[in-house]
Amino acid sequence: MAGETATLLIVHPSPINLMILSDAITAVGWEVLVAMNHESAISQAYYAQPEIILIDVDPSATEENIDSFETCY
């Protein structure tokens, strides 16, 4: 993908993890969007339509929350 850019959405509840991943990915020239929860991720994916989405899998999600697999659906 030399010379090409892509938009990537990272979904993770940890600001530190988001910062580390975002810095690494922007260093190669890609645009990075971040979301700390699944509701925000769905909104950003709808409007920005990123080429790639990195999402954490949280096995502790409760029924009241949208889980990672439901977000992907």
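# A walk through the chain

Residues 24 or more positions apart account for 56% of the contacts in the chain with a separation of 6 or more. Contact here means heavy atoms within 4.5 Å. This is a predicted model, in which local features need pLDDT of at least 70 and side-chain atom pairs count only at pLDDT 80 or more, while totals for chains, interfaces and linings use all residues. Residues are numbered from 1 along each chain as its sequence is written, and side-chain values use heavy atoms, with hydrogens and water left out.

Start with the layout. The chain has 3 helices and 3 strands. Read from the N terminus, the order is β-α-β-α-β-α. Helices (H or I, at least four residues) and strands (E, at least two) are DSSP runs, numbered from the N terminus. The chain has 73 residues, and 26% of them count as buried. Buried means under 20% relative accessible area, exposed means over 50%, and partly exposed lies in between (1.4 Å probe, protein chains only). In total the chain exposes about 5,100 Å². Carbon and sulfur atoms supply 58% of that area. Accessible areas come from the Shrake-Rupley method with a 1.4 Å probe; for residues, only the protein chains shown count as cover.

Now go inside. The largest nonpolar core has 7 residues: Ala-6, Leu-8, Ile-10, Leu-18, Ile-25, Trp-30 and Val-32. Strand 1 (7-11) and helix 1 each supply at least two residues of this core. A second, separate core has 5 residues, among them Leu-9, Leu-33, Ala-35 and Ala-41. A nonpolar core is a set of buried Ala, Val, Leu, Ile, Met, Phe, Trp, Tyr and Cys residues joined through side-chain atoms within 4.5 Å.

Strand 1 also holds Thr-7. Thr-7 is buried, because its relative accessible area is 13%. Beyond residues up to four places away in sequence, Thr-7 touches Glu-31, Leu-33, Pro-50, Glu-51 and Ile-52. The C-alpha atoms of Thr-7 and Gln-49 are 8.1 Å apart, although 42 residues separate them along the chain.

Gln-49 itself sits in the loop between helix 2 (38-48) and strand 3 (52-55). Gln-49 is not a glycine, yet its phi is positive, at about 45°. Its relative accessible area is 60%, so Gln-49 is exposed.

Helix 1 comes next. Ser-22 lies in this helix. With a relative accessible area of 16%, Ser-22 is buried. Neighbours within four places aside, Ser-22 is in contact with Ile-10, Val-32 and Val-34. Leu-18, counted in the same way, is in contact with Ile-10, His-12, Val-34, Ala-35 and Met-36.

Ile-16 gives another view of the helix. Ile-16 lies in helix 1 (residues 15-26). Its relative accessibility is 56%, so Ile-16 counts as exposed. Ile-16, Met-19 and Ile-20 form a nonpolar patch on the surface, and together they have about 320 Å² of accessible area. Patches are made of residues with over 30% relative accessible area and no salt bridge; like charges are joined within 9 Å, and nonpolar side chains (Val, Leu, Ile, Met, Phe, Trp, Tyr) within 5 Å. A salt bridge is a side-chain nitrogen of Lys or Arg within 4 Å of a carboxyl oxygen of Asp or Glu.

Turn to strand 2 (residues 31-35), where Val-34 has its place. Val-34 counts as partly exposed, because its relative accessibility is 37%. Leaving aside neighbours within four places, Val-34 is in contact with Leu-9, Ile-10, Leu-18, Ser-22 and Gln-44. Val-34 and Leu-54 are 20 residues apart along the chain, and their C-alpha atoms are separated by 9.5 Å.

Ala-35 also lies in strand 2. At 3% relative accessibility, Ala-35 counts as buried.

Last, the aromatic rings. The structure holds 1 aromatic pair. The ring centres of Tyr-46 and Tyr-47 are 5.0 Å apart and the planes stand at 90°, so the pair is edge-to-face. Rings of Phe, Tyr and Trp (its six-membered ring) pair if their centres lie within 6.5 Å; planes under 30 degrees apart count as stacked, over 60 as edge-to-face and the rest as tilted. Tyr-46 is exposed, with a relative accessible area of 60%. Tyr-47 is exposed as well, at 68%.
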